[in-house]
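Look at the model below and follow the chain with the text beside it. The walk goes through a few single residues, one after another.

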Amino acid sequence: MSDKTVHTGGCLCGAIRFEATGPALKPHTCSCKICQRHSGALTTVWVEFSADNVSWTGPGGAPSTYRSSDYSSRAFCPTCGSTLGAIDDDPVIALLVGTFDDTGRKDLAPTAHSYRTGRPSWWRVSISNK
Ligand SMILES: [Zn+2]
Ligand SMILES: [Zn+2]
């Protein structure tokens with residue numbers, strides 16, 4: 001895992017921007033209720049970075065946070081409300097792949113799926129790792 005790929009992304013209005021340097025860890029989907037409520041999406045796609053490898057580069061600086069569990073806070077833009085991800089108590093920042101400028105990078109393709117039972121029966125998630 002020596003992939004030093006630099007990923008960039010940000011919120012809808014551009015106030016919160018990030019630069020995340022690889023390796024991109026644990027790319028996965030999540031269909032838990034917390035993710036659903038935070039994002040509005042039935043299934044979210046996550047990727048984790050060491051907190052040292054993420055910098056907030058936009059004019060708004062770091063995102064606002066909401067304490068969502070006993071080990072993590074959800075991160076969002078205070079101007080436009082976009083969700084960006086989660087800032088854990090561990091030195092880990094998990095980013096939502098939908099916020100990335102280039103979502104097509106192969107190292108972002110999910111390799112695991114959390115809370116599958118949170119998906120409605122009519123919802124299917126299909127991942128191509130090609
Ligand atoms: Zn924003
Ligand atoms: Zn979740």
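Tyrosine 115 sits in the segment after strand S10, which covers residues 112-114. In this predicted model, the phi angle of tyrosine 115 is near 55°, a positive value in a residue other than glycine. Tyrosine 115 has a relative accessibility of 56%, so it counts as exposed, since the cut-off for exposed is over 50%.

A positive phi also turns up at lysine 26, which is not a glycine either; the value there is about 50°. Lysine 26 belongs to strand S3. Its relative accessibility is 59%, and therefore lysine 26 is exposed as well.

Strand S3 runs over residues 25-30, and a loop links it with strand S2, residues 17-21. Proline 23 lies in that loop. The peptide bond that leads from glycine 22 into proline 23 is cis, with omega near 15°.

Now stay in strand S3 and go to threonine 29. Is threonine 29 buried or exposed? Threonine 29 has a relative accessible area of 0%, so it is buried; the limit for buried is under 20%.

What does the side chain of threonine 29 make a polar contact with? The partner is the side chain of histidine 113, at 2.8 Å.

How values were computed
Residues numbered from 1 in each chain as written. Chains lettered and ligands numbered in written order. Predicted model: local features only at pLDDT ≥ 70, side-chain atom pairs only at ≥ 80, totals over all residues. Heavy atoms only, no water. Helix = DSSP H or I, 4+ residues; strand = E, 2+ residues; numbered from the N terminus. Buried < 20%, exposed > 50% of the residue type's maximum accessible area, 1.4 Å probe, protein only. Polar contact = N/O pair within 3.5 Å; in protein donor to acceptor, adjacent residues only side chain to side chain.
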